[in-house]
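Please read it alongside the sequence and the three-dimensional view.

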Amino acid sequence: MAGGFSSAGGGREFEAKITPIVIISCIMAATGGLMFGYDVGVSGGVTSMPPFLKKFFPTVYRNTLNPAINSNYCKYDNQGLQLFTSSLYLAGLTATFAASYTTRNYGRRPSMLIAGCFFIVGTILNAAAQDLAMLIIGRISLGCGVGFANQAVPLFLSEIAPTRIRGGLNILFQLNVTIGILFANLVNYGTNKITGGWGWRLSLGLAGIPAGLLTLGALLVVETPNSLVERGRLEEGKAVLRRIRGTDNVEPEFLELVEASRVAKEVKHPFRNLLHRRNRPQLVIAVALQIFQQCTGINAIMFYAPVLFDTLGFGNDAALYSAVITGAVNVLSTMVSIYSVDKVGRRMLLLEAGVQMFLSQVVIAIILGIKVKDHNDDLQKGFAVLVVIMVCTFVSAFAWSWGPLGWLIPSETFPLETRSAGQSVTVCTNLLFTFVIAQAFLSMLCHFKFGIFLFFSGWVLIMSIFVLFLVPETKNIPIEEMTERVWRQHWLWKKYIDADYHTEGAKIDGTNGAKKNGHSNGFDPVTQL
């Protein structure tokens, strides 16, 4: 995410009402997530539509018509087809750097407006595409929009929301991503039935709806008080703070914003600070969570769900229908996360989901290994239903754990002086590995066959062990107190916190960090095995 600062209030609850302007602003801003989700969902659907393949990927089209020349698992293996999907994420990765500068120096609203414009241009190019080059350029434009939206929108949401509902409104972005995926799957299911071979143009063109909403929202929403104060517009920042909090008693929060801005400006080299030993725990966890999030295999399944189900013998129409089901499960399960994340905690959700994802992927691999051979005609109905159920089980576990928490945990663990740099690294890592998985998945499916699910289940096992030992609980802990209440209580990470970083007068609990104030800080293998 972008450069900037955020104040968590040092554990204090400032006076604030949940005003209509906050709710409307957050809903409008979160349409950036809707656009991102639609792009993820629509690409997998159109790449399974015969007219689209015939026009842009004739080799793949011929392979799908003649399974004898290629196995079921390999008929979609084409680098150009994978580039169509993955180019968006490579462009997003590149745009992230420009978006970080824009968001810090010009505000959150201009970045959201730029994102909306990129989305509109990309939508027009894709819907009107006449050749592969035009199609890829359109995807690159969409990717630039993703880069700007992923920087500005989560930061906007966290800064404009009152502290007590900040977690839920942050996950609103992830919820909109899942709604976008479901919307795309429904559109693909409908447009696939259009005769005349132009349904894919409608699928790609309807991305203009969330693109237009984001652009309109960027014009209508207020700038965040954090951004205004950061750029020296203090009186304007205080006026906006009064509007969004619904009270005139904003002086305590405003003074804290001013102080946070002063401290943030003193940090001249946040990326260099990020490499200091005391910041290593947050950096390792943030980067690891983004890598692991992609190595669950979720984006591979969501990108290519229709292609995957078609590969397994469902047939094109049934494949799109199955993708709609998984999209709906994704939305509902993300709502579970909004309700439970501040009640049961981050670690419990991640560990429970690890077990659920591991078992479901192993079952899928066993079914496919026994029933889906290179050249068989169909998957029996009972087994096909079981595969869909297992995919839904996997998607639901991801949607209430690694999906939203992969973004939430890094955003709340970095200290103020390295927060902007840490979030930029988080976004870049995520987009880089999203690109790698998107570019490689169909080739991996061809070579690994059913083993692709065993490959991802192995990663799920590794990441669950990582969470068990190395990820502390952060629920309900103010950001300013993370060092003392989390990192200094962890059996491993406390070794990396420099003595000079210790807050003067704070007490250090010497119990190896099994619990402090009811928070589990990781499984200590020395004292607990």
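## Salt bridges

Glu236 is partly exposed, with a relative accessible area of 37%, where buried means under 20% relative accessible area, exposed over 50% and partly exposed in between, using a 1.4 Å probe and protein chains only. Its salt-bridge partner is Arg233, and the closest N and O atoms of the two residues are 2.9 Å apart; Arg233 is likewise partly exposed, with a relative accessible area of 37%. A salt bridge is taken here as a side-chain nitrogen of Lys or Arg within 4 Å of a carboxyl oxygen of Asp or Glu, and the structure holds 10 of them. This is a predicted model, in which local features need pLDDT of at least 70 and side-chain atom pairs count only at pLDDT 80 or more, while totals for chains, interfaces and linings use all residues. Residues are numbered from 1 along each chain as its sequence is written, and side-chain values use heavy atoms, with hydrogens and water left out.

Arg262 and Glu259 also form a salt bridge, with 2.5 Å between the closest N and O atoms. Both residues belong to helix α13 (residues 251-266), where they are three residues apart, about one turn of the helix; helices are DSSP runs of H or I with at least four residues, numbered from the N terminus. Arg262 is partly exposed at 41% relative accessible area, and Glu259 is partly exposed at 38%. The salt bridge between Glu253 and Arg245 (3.1 Å, N to O) joins two buried residues, since the relative accessibility is 10% for Glu253 and 1% for Arg245.

## Aromatic rings

The whole structure contains 16 aromatic pairs, a pair being two rings of Phe, Tyr or Trp (its six-membered ring) whose centres lie within 6.5 Å, with planes under 30 degrees apart counted as stacked, over 60 as edge-to-face and the rest as tilted. Among them is the edge-to-face pair of Tyr101 and Tyr106, with 6.3 Å centre to centre and 70° between the planes; Tyr106 is partly exposed, with a relative accessible area of 48%.

Phe52, Phe56, Phe57, Phe84 and Trp200 are joined by ring pairs into a cluster. Over the ring of Phe84 sits the charged end of Arg139, 4.8 Å from the ring centre, a charge being assigned to a ring if NZ of Lys or CZ of Arg is within 6 Å of the ring centre and within 35 degrees of the ring normal. The charged end of Lys343 sits over the ring of Tyr339, at 4.5 Å from its centre.

## Loop residues

Ser48, in the loop between α2 (31-46) and α3 (50-56), is buried, with a relative accessible area of 2%. Its side chain reaches the backbone oxygen of Gly45 at 2.9 Å.

Lys449 lies in the loop between α21 (419-448) and α22 (451-470) and is partly exposed, with a relative accessible area of 25%. Its phi is near 55°, a positive value in a residue other than glycine. Most residues other than glycine have a negative phi.

Val362 is located in helix α18 (residues 346-371) and counts as partly exposed at 22% relative accessibility.

Technical notes:
Helices (H or I, at least four residues) and strands (E, at least two) are DSSP runs, numbered from the N terminus. A polar contact is a pair of N or O atoms within 3.5 Å; within protein, one must be able to donate a hydrogen and the other to accept it, and residues adjacent in sequence count only if both atoms are side-chain atoms.
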